[in-house]
Amino acid sequence: MSMLPQLLFTGVSIGSIYALVALGFVLLIRSANIVNFAQGEFSMMGAYFMVILFAGLGLPYALALVLAVVLMTVFGVAFAWITYWPLRDRGQVPVIISTIGASILLANLILATYGPSPQVLPGLFDGTGFLVGNVFMDSQYLSIIVITVVLVALQYLVFEKTMVGKKLQATSQDREMAALLGIPVVAMIFGTFAYSAALGGLAGILVAPILYVSVGIGAMIGVKAFAANIIGGFGSIPGAICGGFIIGIVETLGAAYISVPYKDAFAFVMLIVVLLVRPQGLFGERIAEKA
Amino acid sequence: MHTASSRKNILIAGGVAALAVLGAAVVAPSDGYYLNIMMQAATYTIAVAGLVIVLGYCGQIALCQAAFLGIGAYCVALGTVDYGLPFFVALAIGVVVSGVTGIFLGFATLRLGGHYLAMVTIGFQMIVTMVLTNWIGFTHGPDGIPGIPRPSLGLVDLKGGSVYLGLCLVVLVAVTVYAALLKQSRLGRAMQAVRDNEIAASTCGINIFRTKTVAFGICAALGGLGGGLFAGAFSYISPDQFTFNEAIVLLTMALLGGVESAIGAVIGTILLVLLPEWLRFLRQAYLAVYGGAVIAIMIFMPRGVWGLVVGRFVKSRPLSDDATAPLPLLARTGEVSDTIVLDVTGLAKHFGGLKAVDGVDLAVRKGSVHALIGPNGSGKTTMLNVITGLYVATAGRVRLGGRDITELPPHDRNRLGMCRTYQNIRVFRGLTVLENVVIGAERAGNDVSGTDATVERAIAALDFVGLRQVAHLPVGDLPYGHQRYVEIARALAGSPEILLLDEPAAGLNLTEKGEMAALLKRLKGHGTTIVIIDHDMRLIEKVADHITVLNFGRRIADGDPRSVFKHPEVVAAYLGEARHEAA
Amino acid sequence: MKLLEVEGLTARYNAGDVLKGLDLTVDDGEIVALLGSNGAGKTTTLRAICGLVPHVSGSIRFAGTQILGMKTAAIARLDLAHVPEGRRLFPGLTVRDNILLGSSNRPGVARADLKREVDAMLDFFPDLKPLQHAYAWTLSGGQMQMVAVARGLMAKPKLLLLDEPSLGLGPLIVQQVFRIISQIRERGTTVLLVEQNANMALSVADRAYVLEAGTLLVSGKPDALWNNDQVRMAYLGGLAASA
């Protein structure tokens, strides 16, 4: 049992990554009603931008990080322009299929360029970490948690306190009405894509030193972020964050106490159980009646 | 007549195709590269046909077809190699195991929206790959299973390459014929109705959940069938042949060929089995091309290659002018009787704090035309939605012919004879006018239900509304007003006990409104009970025997037209509170 | 001065004409009512003016600019506000934020000024003041209508389109809504009002148009329309009109 605190620390840290990606995911659902199946590939792209800028071009770490995130916003807009915009009036299924196509395209472009062998990226800090009681606080795990908390808090402030945040919320709640008020709805949606891509990219850069940078990273993170969304309640922001933490903790504990090879399966088992038992998720609003 | 002949055509085409492929298999090289390609194409197409049924017919996303392919393949491989079962027994087990798994998976997720299904199927796909790789004691793990034998059938030895290919091709032809027949069957039409409009499908008597689950089960079983044959074809399988990437390849095949038809599955699979050979120079990037192709197909070619061909070259023919018997419900005569056929008591529907309907009584006499009127937002359509079962009542009871139906789902109410139309037209856009109306005729309680006479009944209903000439056209090609008539014909083809019309004249111009009034008059007096909502008072006063007026979710007047229109509260509800000097 | 000039407006939905060559004008400072039974094309007219109807032809000039074919948000930024049917508040935002967002057509205004404007708006709608931090979805229908109108006024519009403000409201609340509409006129805002409640609308309007099946049936001053049989007919049918 003495392992438990250490495992919880690891679980919360990994869960933070899922939460960050899930956050980007849920924002797209809320602003444009898009279920983006390439959300995980945003993380992969972020990590590979970092590989190019830092390992390839030899830029200083901080500069490379900032540039990579900026590139991700551009990438997010391009992504929206190609996979979403032409299909915006055709219902949900074509957009879902198109984002799945995009995820395959991106993963395999990277595979063709870099091959299957993982790339290595360093963490934010050189130091390895320190002990608190009998829990070893790895510096990278700790910084992931801190950055996630800061980003979530920041996003809350932006959404609740600024005019832009309120316009984004308005757009997500009633697009036509937002346009009637003079809110540039299209810019809002593309902006959400850019932000969501940046968030995913940052998550990818943060997790890279732990998981290594490989092609599979995107799909793995993406499906778990989606599972986090459903477990937390589809379309709910606090739900996405909590769902991320829950999956991170459960799979870390599961890997330690039950089975390592099936580590990635725990999220899906939880997902299917939640769908059967409580389909609206932990924080879900009741599924509205419509006719 | 109509369906029977096209069914025969499909069977003849299938027979010819089976002979042709057998011949082709005999002259095909008995070994080597092209044989392998053809085996792969044939076995994959069977699985892709499953996707055509679930995605193309039923409109549900399944991203785990490679998992079902894998389940079928592993059942055959483990069954024959480890447990010494005969090939065809192992194959049957594979089909059953995949099918049952598919039904279970569908059960867990199909009540929810498309994205849940997409993600759960991805998750399931990944779990299957993980189990195949890691459960080494059972599945042999990542090394895979070599030495899978091919079967013999009685005295016929199917072990030779080209003979086995012949078997695969015959199965493929059978599956294609099955898929084509399914599309024209009652189940297939139900699937397409669910795809096009779930709400209308449910009030046409289709059990949405069961239809989707069956589609998913068929898709999974076909995946298992293709996989089992695949195992025999290559005599060696390993987990990496059944990954998520392969699931995407299968999906791309279906989309490229066109998900509307099994022919699309054949075209898409052949193209994509050959494509990697042509794209060999791209090496690993070929999957990236697949990904790009998926996006491009969605944007530029949503109906796939076969869809393009059909759209351009295949023109449907109008129906012949052969006379059909008129609708039986018009042959009846029936005066308005005193029997109450629809009895609604204390009905309430609250949405949170909003009391859309709040304790309304409604007694509809058999054979009468009963109008439900009131200003916008007074609760009329909500009332209709509760009566037909789309909404669950907050309080009150609904009785139809003395039977309490308050708790029944929409499709069971339809079985008891309740048919309706919608204010915002809900037709099945992917189907022709005739097919839309045939779905109405297939109502479970209808006298012709389950027979070929449904087509004749549908034509009779189209004759009644005057749309026989356009019966062969896709319903979306019709002008708005005519789509309303399609909805009415769809309801009438089911010989309803009670017909509920929600604003049949909305969006019609003055001439069309006149025609609608004439049509309703022709319908009147034959014993069919009609409940009608409309805002056009001139239409209402022409047809109604009885009027109930709602305002703010409550009943403010009830009686014959003359007295209701003079009721001061009704005048106030429509024109507003009278100004003092006017009063 | 003519603020809004609509000429030969034709609108199609699903291959059916909803409006057929409609002409109407609204002068600066007027309240104009657009009447007619359900399905006559009133709401479609307002939606077409706001750029929400995809298939339209004809001409719509607003303050001298041809706005037919322009994007909805761009039209709004010409200071044309629309309070649509069903209120359409943002349910997950507070009353205050809903009103605040009404100023989205004027993006340059400083945050502090906007705060003062919202406070002033809450003074104009004293019933809303105690509710300003409540979420919009918790309000009653009448309160929602007030917020919707306040949000529309926050645009400081040259023209305010009001679609069925009395819809689903009880008689007392309807009177309150119409009191507010006359107060709006006193503030100098021009209003184009769509209303099913004909008597109420005629009591506040300077002029009115009556539509039937997408065309103009009759137009004129309220007194002339007051007991017009054609108007009664359009609403209640022949039985009531002959009564």
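**Questions on a predicted two-chain model**

From the N terminus on, the elements of chain A run α-α-α-α-β-β-α-α-α-α-α-α-α, where helices (H or I, at least four residues) and strands (E, at least two) are DSSP runs numbered from the N terminus. This is a predicted model in which local features need pLDDT of at least 70, side-chain atom pairs count only at pLDDT 80 or more, and totals for chains, interfaces and linings use all residues. Residues are numbered from 1 along each chain as its sequence is written, chains are lettered from A and ligands numbered from 1 in the order in which they are written, and side-chain values use heavy atoms, with hydrogens and water left out.

Reader: Why is chain A called as compact as a globular protein of that length?

Author: The radius of gyration is taken over C-alpha atoms, and the globule rule is 2.2 Å times the number of residues to the power 0.38. For 291 residues the rule gives 19 Å, and chain A has a radius of gyration of 19 Å, so chain A is as compact as a globular protein of that length.

Reader: What makes B:Arg189 and B:Glu442 a salt bridge?

Author: A salt bridge is a side-chain nitrogen of Lys or Arg within 4 Å of a carboxyl oxygen of Asp or Glu. The closest N and O atoms of B:Arg189 and B:Glu442 are 2.6 Å apart, and the pair forms a salt bridge. Across the interface of domain 1 and domain 2 of chain B, the rule finds 1 salt bridge.

Reader: How much area do chain B and chain A bury between them?

Author: Buried area is the accessible area (1.4 Å probe) that two parts lose on being put together, summed over both. For chain B and chain A the value is about 3,700 Å², 80% of it on carbon and sulfur atoms. The count of salt bridges between chain B and chain A is 0. The largest share of the side of chain B that touches chain A, 13 residues, comes from H5(B).
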